[in-house]
Amino acid sequence: MEWETVIGLEIHCQLATRSKIFSGASTTYGAPPNTQACAVDLGLPGVLPVLNREAVTMAIKFGLAVDADIAERSVFARKNYFYPDLPKGYQISQYELPVVGRGHIDIEVDGTLKTIGITRAHLEEDAGKSAHEGFADRTGIDLNRAGTPLLEIVSEPDMRSAAEAVAYMKKIHSLVTYLGISDGNMQEGSFRCDANVSLRPRGEETFGTRTELKNINSFRFVEQAINHEVERQMDILEDGGSIIQETRLFDPDRNETRSMRTKEEANDYRYFPDPDLLPVVVDRELLVALQSKLPELPDQKRQRFMDDYGLSRYDSGVLTAQRALADYFENCVQSADGEAKLCANWIMGELSAALNRDDRDISNSPVTADMLGQMIKRITDNTISGKIAKQVFEGMWNGEGNADRIISDRGLKQMSDSGELEKLVDKVISDNPQQVEQYRNSPEDKQKKLIGFFVGQLMKATAGKANPQQVNELLRRKL
Amino acid sequence: MYRQTLSELSDALVQKRISSVELTQHFIDRINIHNPVLNSFITVTVDAAMEQARAADAKRARDETTPLTGIPMAHKDIFCTSDIRTSCGSKMLDNFIAPYDATVVEQLNNAGMVILGKTNMDEFAMGSSNETSYYGVVTNPWKDNHVPGGSSGGSAAAVAAGLIPMATGTDTGGSIRQPAALCGITGLKPTYGLVSRYGMIAFASSLDQGGPMTRSAEDAALVLNHMAGFDPRDSTSVEQPAIDYTDNLDNDLDGLKVGLPKQYFNESLDSEVAVVIDNAIRELEKLGATISDIELPNAHLSIPAYYVIAPAECSSNLSRYDGVRFGYRCDKPRDLLDLYCRTRAEGFGREVKRRIMIGTYALSAGYYDAYYLKAQQIRRLLQQDFKNAFTDVDVIVGPTTPDVAFSIGERTEDPVSMYLSDIFTVSVNLAGLPAMSIPAGFKNGLPVGLQLIGNYFQESRLLNIAHRFQTITDWHRRIPEAFQ
C-alpha cells in the first residue's frame with residue numbers, strides 16, 4: 001500500500017525578553033544554577049505572577065507576521081502537573097483563548113510553494129531543569145530557566161514529508177529572528193519542537209493514529225526523527241498492526257525514538273483560568289502601531305533582492321533565509337559599490353564553505369561584509385583576478401588583515417603592464433614551438449581549446465598574477 | 001488600656017500619656033497571661049516587638065508618625081513576614097520563614113505599627129471554627145469549649161479578649177466576618193482588589209481578601225487607610241484614588257436605604273439570633289435609615305458554587321507544597337512519587353486534603369463543565385443579583401451567621417454542617433463585594449454579628465454606617481468577663 005505521511009509541528013520559541021514572563025528575574029543563559037530564580041520563580045508561598053507586557057508584544061508581532069487573528073482578549077490558564085522542576089505544581093500557559101489565532105506561512109520545497117496553516121500560538125512559561133548527573137542518588141534542580149517566556153507555535157497537520165517539516169521549521173526560525181523576538185539559538189534550547197506524525201493510505205481523508213515526538217532541537221534532528229518514525233509506523237502498519245497513540249522521545253545519539261508514555265498514562269492537566277492574572281486585552285491601536293513597525297520579512301526581502309539586485313529566485317531565497325545573512329549581503333554590496341551577483345556568489349560560495357568548515361555563524365565571521373566587499377572591489381577594478389581573490393579571502397579569514405594589505409604583503413597585484421606581459425608572452429611562444437605549430441594549424445573552434453595551454457603557462461610564469469583577459473588578447477594577437 | 005479602641009490608644013500616644021514601649025509591654029503581659037487559655041497566637045515576638053516599639057517612640061519624638069505609629073498589632077499567620085515564621089496553621093509550613101514581607105505587612109510596618117506576633121488560624125484558612133489548625137483549636141473568649149469561628153479565629157479571639165487592639169485577617173468565604181461575629185468584634189472584608197494579596201498565602205485566589213479586625217468601625221477605618229492601595233506586585237489589585245476612610249464616619253444616615261434580603265431571614269436563621277438582628281435594624285431606623293425587603297434569588301446556590309470554586313483554586317494553589325524546595329518533607333523518601341505522596345499525606349491535615357480532592361475532582365477532564373464552569377455561571381448570577389439589589393438600596397443588612405458560636409467538636413464530623421456556617425457570607429466573596437460584621441447583641445452570652453454589605457468600593461459608606469451604629473450602641477465595648 002502507498003502511505004501518506006501527515007505531520008504537524010509544535011514549535012517552542014523562547015522570547016528574547018530581558019526578564020522572565022511573570023517575574024523580574026533575568027533570562028540570561030548560562031548563569032550558575034538557581035542564581036536567576038527569584039521568589040516568584042521558586043513558587044514560594046504568597047508570591048504572585050505579574051505579566052511582562054513585552055512578551056505579549058512579541059507574540060503579537062509573530063501573529064501579525066503570519067497574518068493571524070490576534071485575540072482582543074486572551075486568558076492565561078494553569079496546566080496542573082507535578083514535577084520537581086515545575087515549582088508551583090502548575091505551568092502558566094494559555095489554553096482556550098490564546099493570544100495568536102489562525103494564521104499561515106508559505107514554505108518552498110524543491111521549488112514548489114506550499115501554504116502551511118498555523119492553528120495558534122500561545123504564551124507560556126518554561127519549566128526549570130532537572131540534572132541527573134553529578135549527584136549520587138539525587139537529582140539536582142536548576143530553576144534559572146523556570147519562568148522564561150515561550151511562544152508555542154502550533155501548526156495544522158499540513159506537512160506531508162520530513163523535508164516539508166524542516167522547511168517549515170526553518171521558515172518559522174527565520175521569521176522569529178527577523179522579528180527580533182527570539183535569538184533562535186537551538187544549542188541553548190531557545191528554539192525546539194515536538195512533531196506529531198501519522199500515516200494514512202494515500203487518498204484516505206481521515207487521519208491515522210499519531211505519535212508525538214518530543215525533544216527535537218535541530219533541523220537535522222527533525223528530519224531524522226520524522227523519517228525514523230515514519231519507517232517505524234510503516235513497518236507496523238504493513239504488518240497489519242496498529243499505531244498506539246503515545247509520546248515518544250527522540251534520541252539523536254542512537255537515532256531512534258522510544259516510548260515515553262501512552263495516551264492512558266497521559267496527565268489530566270486540569271486546565272482552568274489562572275485567577276492570579278487578568279485577561280490580556282489587546283486594543284486596535286496597539287495592533288496598528290505594531291503592524292506599522294514590523295520589519296521587512298523574509299518573503300518581502302526575497303522579492304526585493306530579486307527586483308533590486310537582479311538575483312535569481314534561488315539566490316535570493318538563500319540570502320534572505322537568515323536576517324543576518326541578508327544584512328551581510330547588503331552591506332557587502334554597499335562596500336563593493338554594487339556587483340550584487342558577484343557578492344552573492346562569494347557569500348554563497350567561499351564564505352559559506354568557510355563558515356561551514358569552521359562551524360561558525362555569519363554573525364561571527366572573521367571576514368566582515370565590508371572586508372569582503374572591499375576585496376570584491378579589487379576584483380572588479382582588475383587589481384586581482386577571481387582566482388587570486390581566493391588566496392586573499394583565505395588570508396582575510398586567517399586574520400592577515402584586509403584585502404589591500406594582503407594583496408600588497410603577498411605581492412598579489414595583478415600584472416597588467418602590457419610591456420612586461422608581452423615579453424613573457426613572446427617567451428612562452430618561443431619556448432613551445434610544437435604547440436604553436438599545432439595551434440596555428442587547427443580550425444578556429446579547436447584553437448579556443450588549445451589557447452588554454454599558453455594561458456596556463458603564462459599564469460605559471462606569473463604565479464597567477466597576470467590579468468587573464470589581457471593574456472588572452474595578447475596571445476591571440478601574437479599566435 | 002486593653003479596653004480602649006485603637007483610636008483611643010492612638011490619641012493617648014499622641015498626647016504622650018503613654019509610650020509605645022509601655023503599650024507593647026501591656027499587651028505582651030496580657031498575651032502571656034491569657035494566651036495559654038485562648039491559644040490565639042501561634043508565634044509571639046516579644047523582642048522584635050519591643051524593638052519596634054522603641055523605634056516607634058523614637059519616630060514620635062521626631063514627629064514622623066501616622067495614627068497607627070506605636071500601636072501593637074498581630075498578623076494572621078497567613079501573611080508572610082520576613083524573619084518571623086509563617087505557618088499558615090499547617091505542619092507543612094511549620095519551618096517556613098519567608099524571605100519577604102507581604103505588602104500588607106510592609107505597609108503597616110511603614111505606618112509604624114508594632115507586630116506582637118502571628119495569630120492562629122484554620123490550616124491554610126480552610127475552616128470555619130479554627131479547629132483545623134495544626135497548632136490546636138482556639139477558644140472563644142466568651143465561652144469555654146466554644147469555637148471562635150474561622151478561619152481568622154486567632155485574630156478574632158485575640159482582639160475580643162483584649163490581647164491586641166487590632167489584628168489582620170483574610171476572608172475567602174467569611175473568614176473575617178464569621179469569627180468577628182462569633183467573637184463580638186468588628187471585621188471588614190474589603191472589595192476584592194482593594195488590599196494587595198502579595199505575600200498573603202493563597203487559598204482561593206479569586207476570593208481571598210485581607211482586611212482589618214478591630215474593636216470598632218473607626219479603628220477599621222484607620223487601619224484600612226494603611227492596608228488599601230494598588231500594588232504592582234498583585235495583578236488583581238485595583239487602582240483607586242486614595243481616600244481617607246475616616247472622613248465620612250460621622251455622616252448622618254438620613255435617607256439611607258437599607259435592604260433586607262428575604263433569603264437571609266429564612267428557616268436557617270436561629271430565631272433568637274433573628275430577634276437580635278431585628279433589634280439592630282431598629283437602631284439603624286432610629287439613625288434615619290429606611291428599611292425594605294429585597295430579593296437575592298440565587299443566594300441558595302452560593303454554598304454549592306463556593307465549594308466548587310474555592311477547592312478548585314486551592315487544589316492548584318497548594319500543589320507547590322511538594323517537599324522539594326521548602327516546608328515539610330517526609331523522612332527518607334524512596335523515590336519521587338513517595339516524596340510527593342508522603343510529604344503531602346503527612347504535611348496536610350484532613351480538611352485541606354478533603355478540599356484538594358474536591359477541587360481536583362471538579363477540575364478533572366469530563367467534570368470541568370459540570371462543576372467548575374457551572375459554578376462560574378452561578379457566580380455571575382450572584383453578581384447580577386447584587387447589582388439589581390443595589391439599584392434599589394444603598395446597603396444590604398442581615399445576620400453574619402445563622403447562629404452564634406457552636407461548641408468545639410460539634411461539627412467536625414459533619415463537614416456540610418460546618419460549611420453552612422458561611423451561608424450568609426460566601427456570596428459576598430463570589431461577587432467580590434465589601435462587607436462588615438459588627439457586634440449587634442448576644443444570645444446566651446455569645447455575641448451575634450450584624451452583616452453590612454456594600455456596593456463595590458463603598459467601604460467608606462459601610463464604615464460610616466457601622467460607626468454611627470456604634471455611637472448609639474455599646475455591644476462593641478463589651479469584654480468577656482474572664483479577660484477583664
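Predicted model: local features only at pLDDT ≥ 70, side-chain atom pairs only at ≥ 80, totals over all residues.
Student: What is the radius of gyration of chain A, and why is chain A described as more spread out than a compact globule?

Tutor: Chain A comprises 16 helices and 15 strands. For its 479 residues the globule rule gives 23 Å, and the radius of gyration is well over that value, so chain A is more spread out than a compact globule. Along the principal axes, its C-alpha atoms fill a box of roughly 95 × 55 × 55 Å. The radius of gyration of chain A is 29 Å.

Student: How far apart do the C-alpha centres of the two domains of chain B lie?

Tutor: Chain B is divided into domain 1, spanning 6–256, and domain 2, spanning 300–378. Each domain contributes 20 residues to the contact between them. The separation of their C-alpha centres is 27 Å.

Student: Which residues of domain 1 of chain B lose the most area to domain 2 of chain B?

Tutor: The area buried between the two domains is about 1,700 Å², with carbon and sulfur atoms giving 64% of it. On the domain 1 side, three residues together account for 39% of what that side buries. They are B:M92, B:M126 and B:F203.

Student: How many residue pairs are in polar contact between domain 1 and domain 2 of chain B?

Tutor: On the side of domain 1 that touches domain 2, the residues divide into 10 nonpolar, eight polar and two charged. Across this interface of chain B, the rule finds zero salt bridges. With both residues at pLDDT 80 or more, the count of residue pairs in polar contact is nine.

How values were computed
Residues numbered from 1 in each chain as written. Chains lettered and ligands numbered in written order. Heavy atoms only, no water. Domains from an automatic or database assignment. Contact = heavy atoms within 4.5 Å. Buried area = accessible area lost by both parts, 1.4 Å probe. Salt bridge = Lys/Arg side-chain N within 4 Å of Asp/Glu carboxyl O. Polar contact = N/O pair within 3.5 Å; in protein donor to acceptor, adjacent residues only side chain to side chain. Nonpolar A, V, L, I, M, F, W, Y, C, P; charged D, E, K, R; others polar. Helix = DSSP H or I, 4+ residues; strand = E, 2+ residues; numbered from the N terminus. Rg over C-alpha atoms; globule rule 2.2 N^0.38 Å.
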